[in-house]
Amino acid sequence: MKIFLVLFLAFFLNAQANDFSQKKIIKIEQNEDEFKIIDLGQGIHNQKLDEQKALFDSSTLKNSNKDKQVDFGILIGFRENFGYALDNFHIRAKDFSEQFSQRLIKDLNLRLINAAANKIYQAERMLNFSHPNKKFKLVELSKFLRQEKNKDKINTQFTDFLIAISLDDFYINITDFFFTSLKNAYAKINVKIISTSTNKIVLAKNINLRLRLDSENPKDNYENLLSQMPTMLAEVVNKEGAKLKVE
């Protein structure tokens, strides 16, 4: 009986040993993400990254869609002292700057980009970088620029140059004589034109405008000012902008 028991145990252990020899122990750690490689059968193996074809290549987008006309973006800011005050007639800086800008844009003969495309440049830091000690507030220009009716083309215009205008200072000087007084309006304005392809300033000018106010009515003087001063500034910007070419 003992001999039979020993033989049985030997046979059982040998069978178990043969069974375990055909198995592999797989250890699974908890909290590990499952990782699978799925062969999609595309036949691309070990291709270098720089040899792979891009899903979307924008490197030729500007060249393929760019027309030969020069397109301008525009940015206008004002300081709080750019306001109108004469006798008892007052126009705060925000309103004066907005009305001034509206007349200016109307008198510009340059090709301005549409309102939606122009929004990318509407940031105070873009005005303040050139005047580190003077803070400017933005004039909202969207309502004065062309609105793109076709929504599919709303951002397709490329900007060659950005016109940055800073309405720096405005005041009225009154000189009294025996029987009359002489009123002159003065505006100090900084104009920069920046190339969007090189980020270089291609024009920088401080422009001083002077206009004689002849009416005794301060409101009439204001309307006269708005009809002439923006046109005077537009003449300078038009002249300088016409010289620029697409690089």
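Start by selecting K137: at 43% relative accessibility it counts as partly exposed, a class that sits between buried (under 20% relative accessible area) and exposed (over 50%), using a 1.4 Å probe and protein chains only. You are looking at a predicted model, where local features need pLDDT of at least 70, side-chain atom pairs count only at pLDDT 80 or more, and totals for chains, interfaces and linings use all residues. Residues are numbered from 1 along each chain as its sequence is written, and side-chain values use heavy atoms, with hydrogens and water left out.

**Stop 1: the salt bridges**

Element names follow DSSP runs numbered from the N terminus, with helices (H or I) of at least four residues and strands (E) of at least two. E80 is exposed, at a relative accessible area of 52%.

Next, pick R111 and D71. Their side chains meet in a salt bridge at 2.3 Å, N to O. Here too distant parts of the chain are linked, 40 residues apart: R111 lies in the loop between α3 (93–107) and α4 (115–118), and D71 in the loop between α2 (61–65) and β1 (72–78). Is D71 buried or exposed? D71 is buried, with a relative accessible area of 2%, whereas R111 is partly exposed at 31%.

Now try D95 with R92, whose side chains meet in a salt bridge at 2.9 Å, N to O. D95 is partly exposed at 28%, and R92 is exposed at 55%. Then select K205, E240 and K243 together, which are linked in a network of salt bridges. The structure holds 9 salt bridges.

**Stop 2: the open sheet**

Switch to cartoon and colour the strands. What is the strand order in the open sheet? Its 5 strands run β4-β1-β5-β6-β7, with mixed pairing; strands pair if DSSP finds at least two bridges between them. β4 and β7 stand at the edges with a single partner strand each, so one side of each has no neighbour in the sheet.

Zoom in on β1. It is mostly covered, with 7 of its 7 residues buried. F72, I74, I76 and F78 point one way, G73, L75 and G77 the other way, and all are buried. On one pairing, β1 and β5 run parallel over 7 bridges, and you can find I74 opposite I163 in β5. β1 also pairs with β4, antiparallel, through 2 bridges; look there for G77 opposite L138.

Move on to strand β5 (residues 161–176), which pairs with β6 in the antiparallel sense over 15 bridges. To see one of the contacts, select S166 and its bridge partner in β6, N190.

**Stop 3: the nonpolar core**

Show side chains for Y84, F96, I165, F170, I189 and L233. Of the 47 residues in the largest nonpolar core, these touch the most other members. Such a core is a set of buried Ala, Val, Leu, Ile, Met, Phe, Trp, Tyr and Cys residues joined through side-chain atoms within 4.5 Å. Elements giving two or more residues to this core are β1, β2, β3, α3, β5, β6, β7 and α6. The largest share, 7 residues, comes from α6.

**Stop 4: helix α6**

Select residues 218–241. Helix α6 has 24 residues, which at 1.5 Å a residue should span 34 Å, and its end C-alpha atoms are 34 Å apart, in agreement; the expected span is 1.5 Å times one less than the number of residues. Centre on L225 for a kink of about 25°, where the bend is the angle between axes fitted to the seven residues ending there and the seven starting there. At the start of α6, a side-chain oxygen of N217 reaches to within 2.8 Å of the backbone nitrogen of K219.

**Stop 5: two positive phi values**

Finish in the loops. D87, in the loop between β2 and β3 (89–91), has a phi near 55°, a positive value in a residue other than glycine. N199 sits in the loop between β6 (181–195) and β7 (201–213), and its phi is near 60°, again positive in a non-glycine residue. N199 is exposed, with a relative accessible area of 63%.

Terms used
A salt bridge is a side-chain nitrogen of Lys or Arg within 4 Å of a carboxyl oxygen of Asp or Glu. A polar contact is a pair of N or O atoms within 3.5 Å; within protein, one must be able to donate a hydrogen and the other to accept it, and residues adjacent in sequence count only if both atoms are side-chain atoms.
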